[in-house]
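Please examine the sequence and the three-dimensional structure shown below before reading the report.

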Amino acid sequence: FNAYNSAAQLITTTASTLLVDTTFGETDSVAYTLSSGEVEISDPGTYTITYSATTLSVNATRSTTRMFLEADTGSGFTEIDGTDVFTYDRTSTTGESTGTGTYTATFDGGDRFRVRLEVDRGSNNETVTEGCRIMITPHRSASDPVNFGIDCGDLPRGARPKICIDCGILE
């Protein structure tokens, strides 16, 4: 699952949800609510969430933006410890900076998360159009089935392919 922002978003000292509104790529096991900026994991499993934001100073003053993840596993959104990412913007409105974070965890179906942004020091900042992303990658488990096929259609009639596949113990 991949999504990015199609418009700039003002960042103030009050935390707000990063609004990514354009998806691209695979969306097999993730349901995404575009209007609220919240991602819902449909299928239970282990996922890596990669999130990034490119910011710039609105008032041409030095400022720092803090980005972090929040999760809702059924009792409301709470901040996920260790997910802080900071960007520092100089006194020029052309001094963009990008921060990227990665978080891997096991989710239950229905768990939701969101990326939050707030000015940590200084005055207001904003995100750069098409400069913010969320990417979710599912991890395969060792017990997941592996599907494969062998096409022996080009062998001469009566030929036997020489293939050895060790599947361990099959149930």
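The structure is a predicted model. Strand β14, which covers residues 133-138, takes part in two of the pairings described here. Strand β1 (residues 2-4) runs antiparallel to β14, and three bridges join the two strands. Within this pairing, Tyr 4 stands opposite Arg 133 of β14. Strand β7, made up of residues 45-57, is also antiparallel to β14, and six bridges link the pair. Here Thr 50 faces Met 135 in β14.

The largest nonpolar core contains 25 residues. Ile 49, Phe 113 and Ile 136 are the members that touch the most other members of this core. Two or more residues come from each of the elements β6 (38-41), β7, β8 (63-72), β11 (97-107), β12 (112-121) and β14. When neighbours within four places in sequence are left aside, the contacts of Ile 49 include Phe 113 and Ile 136. Ile 49 is also in contact with Leu 69, Gly 101, Thr 102, Tyr 103, Phe 107, Ile 134 and Met 135.

Three further residues can be set side by side by their accessibility.

| Residue | Relative accessibility | Class |
|---|---|---|
| Ser 97 | 16% | buried |
| Glu 130 | 45% | partly exposed |
| Arg 140 | 57% | exposed |

Ser 97 belongs to strand β11. Its relative accessibility is 16%, and the limit for a buried residue is under 20%, so Ser 97 counts as buried. The side chain of Ser 97 forms a polar contact of 3.1 Å with the side chain of Asp 89. Not counting residues up to four places away in sequence, Ser 97 touches Asp 89 together with Ala 53, Thr 54, Thr 55, Thr 87 and Tyr 88.

Glu 130 is located in the loop between β13 (125-127) and β14. Although Glu 130 is not a glycine, its phi angle is positive, at about 60°. The relative accessible area of Glu 130 is 45%, which lies between the limits of 20% and 50%, and therefore Glu 130 is classed as partly exposed.

Arg 140 is situated in the segment after β14. Because its relative accessibility of 57% is over 50%, Arg 140 counts as exposed. Along the chain, Arg 140 and Thr 46 are 94 residues apart, while their C-alpha atoms are separated by 7.9 Å.

Definitions and conventions:
Residues are numbered from 1 along each chain as its sequence is written. This is a predicted model: local features need pLDDT of at least 70, side-chain atom pairs count only at pLDDT 80 or more; totals for chains, interfaces and linings use all residues. Side-chain values use heavy atoms; hydrogens and water are left out. Two strands pair if DSSP finds at least two bridges between them. Helices (H or I, at least four residues) and strands (E, at least two) are DSSP runs, numbered from the N terminus. A nonpolar core is a set of buried Ala, Val, Leu, Ile, Met, Phe, Trp, Tyr and Cys residues joined through side-chain atoms within 4.5 Å. Buried means under 20% relative accessible area, exposed over 50%, partly exposed in between (1.4 Å probe, protein chains only). Contact means heavy atoms within 4.5 Å. A polar contact is a pair of N or O atoms within 3.5 Å; within protein, one must be able to donate a hydrogen and the other to accept it, and residues adjacent in sequence count only if both atoms are side-chain atoms.
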